[in-house]
Amino acid sequence: MDNKKKGKTPETEVAISRRKIMGETPIVVNEIVNGCLYSGFYGTMDSARMKRVVDGILDVSNRSENEIIIIDLSNVEIIDSAIAGHLLKLNMSLQLVGMEVFFCGIQPVVAQSMVSAGVKLDNIIVFKNIKRALREVYKKQGLKLVKLT
Amino acid sequence: MEKQYNILDSSDVVNVRTIANAYAKELGFDSLASAQVALGVSEIAENVLRYADRGMMKIKAKNNNRVLHIQITDSGAGFKDLTKAMKEGYSTSKNSLGLGLGIAKRAFDFFDVQTVPNKGNVFMMEKYLPLDNSYITYGVATMKDERYDHNGDIVYTKEYGGDKLLIAVIDGTGQGESALEMSNIVKEVIEENFLLPIGQIMINCDKALREDGEDSSAVITIARIIPNEIRYFGFGDTHSYLRKKAGTQNLKNQEGRLGAYQLPSLIVNTLSVASPYQLILCSDGIKTLQNDKFPDFDLSVQQTANFIFNNHHRLYGDASVLVLKVHRNEV
């Protein structure tokens, strides 16, 4: 795509400088509980940023000893077919390196717009929120949260 | 006021969809409609980057701020075969172009692409504000013949342009699944052509039914409601009524059947009407109604539809009632 941007019109220059301002995309991946990573998407996601985040998550996951990752989508304002494509690729790649992937937090209006317009995001595991996703993680690990008396 | 924004790289995709979303919200669209606008714009803008060098979005409000109008132009090669490109799954590159266009089409109320080979594409998209309850309300009662699994009647409503409404009661010949398929053919043609004059829509429906097979036919009542005016066409044994507080007028149907016999020259009636009035559309599963068979004029539209259905449906046959009430002259 970059070879298309060789034009020297004022608009292209503006566009490039804005890209510079936006800078590197911060990628947050935390070990939220033993054996489980947590990551999410923050800020506005264009497809270039999205790709960097996806690559980052893959890289961190691959290097860690964790087997489950929760990916929080609660800050994602729109899921179009391009973003859905990135999420599906992320899901598949993580599975191929031996991770279990739990998505969570898709906002109702995002879900509705996807369904009404026919954006497909099939075959991924989704939980309502991070709490529900964590509950599943504990269950898989044979753990249970109990109140200390 | 029309505004313009360049689409040159992927951060511009975010930019134009954010602007479109905010613009929609400002016009009064709810969060889902605004999200759909953003989604549709995002799909087209992604397409622009994928297949063209550059593009531009123009955005404005039309028709008394009741229509959001978006135009995206690109300077790509244009689509070689537009119909193919619109089909799901079809793509000229490995990323799915067809899918994106289909999504954008569904995200908007109106979607059109004009393509100039070797020059580029012009995408025109519109989202319409829903009609206000204080202007128009409608209620529907429809039920299948109990001997069959499917309802062959289709009650169709399409709000558009921020102040207009197209309604129809479609009755495919016979009962059950085959009747429903015939009704669906008609419905799809209406859906694709809702902006065309009623007569032209009917000609297209007739053609589609004939193409489907010689047994495919349907009767229909279709009406377009615009401020102060109704355009009305009834064909076959559907029946309709225009009600005012003072009394009820039985609207005349033309004899015939879409997809069968020779199609006569169709006469679409234009009625000037002052609010408040009711327009009641019935399929033949409802008995013909005399003046004294209607409930109180001030009953809600849904209650009116229920009343007519409960008191006047026939023993057999799919039966449908659509009751529409226009409460005031302007939106």
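## Helix H5 of chain B

A residue is called buried here if 20 or more other C-beta atoms lie within 10 Å of its own, exposed if 12 or fewer, and partly exposed in between, with C-beta atoms placed from the backbone. By that count, the buried residues of H5(B) are Ala179(B), Leu180(B), Met182(B), Ser183(B), Ile185(B), Val186(B), Lys187(B), Val189(B) and Ile190(B). Helices (H or I, at least four residues) and strands (E, at least two) are DSSP runs, numbered from the N terminus.

Those buried residues pack against strands S7 (153–160) and S8 (164–172), helix H6 (198–212) and strand S9 (218–226) of chain B; contact means C-beta atoms, placed from the backbone, within 7 Å. As for length, the expected span of a helix is 1.5 Å times one less than its number of residues. H5(B) has 18 residues (176–193) and should span 26 Å, which agrees with the 26 Å between its end C-alpha atoms.

Residues are numbered from 1 along each chain as its sequence is written, with chains lettered from A and ligands numbered from 1 in the order in which they are written.

The complex gets an ipTM of 0.77 and a pTM of 0.79 from the predictor. pLDDT is the predictor's confidence in each residue, from 0 to 100. Chain B averages 90, and 93% of its residues score at least 70. Over residues 89–97 of chain B, though, pLDDT is below 50, and this stretch has 16 contacts in the model beyond near neighbours in sequence. Where pLDDT is low, the predicted coordinates should not be read in detail.

## Nonpolar cores

A nonpolar core is a set of buried Ala, Val, Leu, Ile, Met, Phe, Trp, Tyr and Cys residues joined through C-beta atoms within 7 Å. The largest has 67 residues, and Ala20(B), Val37(B), Val41(B) and Ala45(B) have the most contacts inside it. Helix H2 (31–51) of chain B gives the most to this core, with ten residues. Apart from it lies another core of 51 residues, with Leu166(B), Ile170(B), Ile198(B) and Ile201(B) among them.

Leaving aside neighbours within four places in sequence, Ala20(B) contacts Val37(B), Ala38(B), Val41(B), Ile59(B) and Ile70(B).

## Chain A

Chain A has five helices and five strands, running α-β-β-α-β-α-β-α-β-α along the sequence. Of its 149 residues, 32% count as buried. Among its contacts with a separation of 6 or more, 78% are between residues 24 or more positions apart.

Ser275(B) and Pro276(B) are joined by a cis peptide bond, with omega about -5 degrees. Pro276(B) sits in the loop between strand S13 (269–272) and S14 of chain B.

Two asparagines have positive phi: about 60 degrees at Asn123(A), and near 70 degrees at Asn228(B). Asn123(A) is in the loop between helix H4 (108–117) and strand S5 (125–127) of chain A, and it counts as exposed, with 9 C-beta neighbours inside 10 Å. Asn228(B) lies between S9 and strand S10 (229–235) of chain B and is partly exposed, with 13 other C-beta atoms within 10 Å.

Definitions and conventions. This is a predicted model: local features need pLDDT of at least 70, side-chain atom pairs count only at pLDDT 80 or more; totals for chains, interfaces and linings use all residues. Two residues are in contact if their C-beta atoms, placed from the backbone, lie within 7 Å.
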